[in-house]
Amino acid sequence: MASFAPLPDTPLVTVVTPSYNQADTLEATIRSVIEQDYPRVQYLVMDGGSTDGSVDILKRYDARLTWTSARDAGQADAIATGFAQADGEVLAWLNSDDVYTPGAIGRAVRGLREHAQAPLVYGDVDWLTKDGRRIGPCVSTEPFNRARLLRVSNFISQPSTFFRRDAYEAVGGLDRALHYVMDYDLWLRLTRDRPAVYLPHTQAQVRVYPQTKSAAGGTRRFEEMRQMIARHGGSGLPAYYRLECATHRAAQAVAALRTGR
């Protein structure tokens, strides 16, 4: 089990934002990154060819970030392409409807320096409405336990995570073929030999609404998760998602009865 390279005093942190037609939330995401108090941030926005005004927003921030706008093969492809262009010793991605809290990057870097063998650190998140009003804290985040990560739920909220570049490259990076659970898969691979570290701070705020990819994924999301978990030695869906899947199927059955289909 090789050791990670020591982080310099102020490592470069690369944040990648994948985006597609999210003009209504993109600027808040951008500002939450560029207004961090951490002094060394490389910010890449990978736009999938938006037609809703997103490019006009990106042009306004030309001096503060690097961006491209071109068709891609989906979210995982956009993120992985961004990481392939990254120069940072620490990596993270922030979706274009989420935001960092003030000081999030600095806290993550301190966590990685204090825990020299941790491949990644993660923290708490708040839920937001689509228009940015705070709902409350996400209560499912918990201190790291890999057995629970595999068998119970993905308690690591993706927008709160930061990980070492050498750890990311050692496990082969993101699986571009995954559409719904690329983050869950990456956490399981990164923590195969070393535990992640939980930071008891609110690192990000996450918008929740019916059109999010996870909310709209339905049966396809559960099947992708089941196959991914099997690759990591698990059996079937983790416990939390078995309940979620049963609820989804019950709702489908009620809808079918109402429509007579």
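What percentage of the contacts in the protein chain between residues at least 6 apart in sequence join residues at least 24 apart? The share is 76%. The model is predicted.

**Overall form**

The protein chain contains ten helices and nine strands. Its radius of gyration is 18 Å, close to the 18 Å that the globule rule gives for 261 residues, so the chain is as compact as a globular protein of that length. The C-alpha trace spans about 60 × 45 × 35 Å along its principal axes. Of the 261 residues, 52% are buried. Carbon and sulfur atoms account for 51% of an accessible surface of about 12300 Å².

**Strand S4 and its partners**

Strand S4 covers residues 90-93. Val90 and Ala92 point one way from this strand, Leu91 and Trp93 point the other way, and all are buried. Strand S4 is joined by bridges to S1 and to S8, as tabulated below.

**Helix H4**

Helix H4 comprises residues 104-114; eight of its eleven residues are buried, so the helix is largely enclosed by the rest of the structure. The buried residues of H4 are Ala104, Ile105, Gly106, Arg107, Ala108, Val109, Gly111 and Leu112.

Definitions and conventions:
Residues numbered from 1 in each chain as written. Predicted model: local features only at pLDDT ≥ 70, side-chain atom pairs only at ≥ 80, totals over all residues. Heavy atoms only, no water. Helix = DSSP H or I, 4+ residues; strand = E, 2+ residues; numbered from the N terminus. Rg over C-alpha atoms; globule rule 2.2 N^0.38 Å. Buried < 20%, exposed > 50% of the residue type's maximum accessible area, 1.4 Å probe, protein only. Contact = heavy atoms within 4.5 Å. Areas by Shrake-Rupley, 256 points an atom, 1.4 Å probe, with all protein chains shown as cover. Pairing = 2+ DSSP bridges.
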